[in-house]
Amino acid sequence: MPPGTVPKKATGLRNFPIVLDVDFHFIGRRRQKAGGLGKTVSMTAAGVVFTGPRELPCGSNVELSIRWPAKLNGSVPLQLIVRGRVVSSTKDQTMVVMRKHEFRTQALSRTMSPLAPDRLN
């Protein structure tokens, strides 16, 4: 079984390997280290496995902002916001169980805009 995947019979849910950009930060703790950037490894209806710069403390509450590949109306970028708890973490991968999730529109940054002047040349 590839790293970062959870056996279907362990959760009863289908595991989807998918690599997307993720930005994470901690919720509710003032003295926690800053968040970071990483890549998703896999997702289920109940959780997310992602890579990151370091091991995260188990039991920590986190918010993940995942850049979603589909666009609203074909042009508006979306992000999946996941709030959850770290249930497993190593220096290479972290598993978060979802408590809440929602899709939000993502503002186009100047460098991402298809009409940015540097992309016209």
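Phe24 and Phe26 are both buried, that is, under 20% relative accessible area, with over 50% counted as exposed and values in between as partly exposed (1.4 Å probe, protein chains only). Phe50 is buried as well. The model is predicted, so local features are taken at pLDDT of at least 70 and side-chain atom pairs at pLDDT 80 or more, while totals for chains, interfaces and linings use all residues. Numbering runs from 1 along each chain as its sequence is written, and side-chain values use heavy atoms, without hydrogens and water.

Three aromatic pairs are counted. Rings of Phe, Tyr and Trp (its six-membered ring) pair if their centres lie within 6.5 Å; planes under 30 degrees apart are stacked, over 60 edge-to-face, and the rest tilted. The ring centres of Phe24 and Phe26 are 6.3 Å apart and the planes meet at 85°, so this pair is edge-to-face. For Phe24 and Phe50 the centres are 5.5 Å apart and the planes stand at 45°, so this pair is tilted. The latter pair links distant parts of the chain, with Phe24 in strand β2 and Phe50 in strand β4 (residues 47-51), 26 residues apart. Strands are DSSP runs of E of at least two residues, numbered from the N terminus. Phe24, Phe26 and Phe50 form one aromatic cluster.

Phe50 is also one of the contacts of Val96. Val96 lies in strand β7 (residues 93-105). Its relative accessibility is 0%, so Val96 counts as buried. Beyond four places in sequence, its contacts (heavy atoms within 4.5 Å) include Ala46, Val48, Val62, Leu64 and Val86. The C-alpha atoms of Val96 and Glu63 are 9.5 Å apart, across 33 residues of chain.

The largest pocket has a volume of about 150 Å³. A pocket is an open set of points on a 1 Å grid over the protein atoms alone, with protein on both sides within 12 Å along at least five of seven lines; lining residues have an atom within 4 Å of a point. Volume is the space filled by probe spheres set on the points. Among the lining residues are Asp21, Asp23, Arg67 and Gln106. Strands β2 (21-26), β3 (36-43) and β5 (61-72) each give two or more residues to the lining. The lining divides into three nonpolar, four polar and three charged residues.

The chain averages a pLDDT (the predictor's confidence in each residue, from 0 to 100) of 82, and 74% of the residues score at least 70. Over residues 110-121 the pLDDT is below 50. Where pLDDT is low, predicted coordinates should not be read in detail.

Note on methods:
Helix = DSSP H or I, 4+ residues; strand = E, 2+ residues; numbered from the N terminus. 1 Å grid on protein atoms, 1.4 Å probe; cavity = no way out; pocket = protein on both sides within 12 Å on 5 of 7 lines; lining within 4 Å. Nonpolar A, V, L, I, M, F, W, Y, C, P; charged D, E, K, R; others polar.
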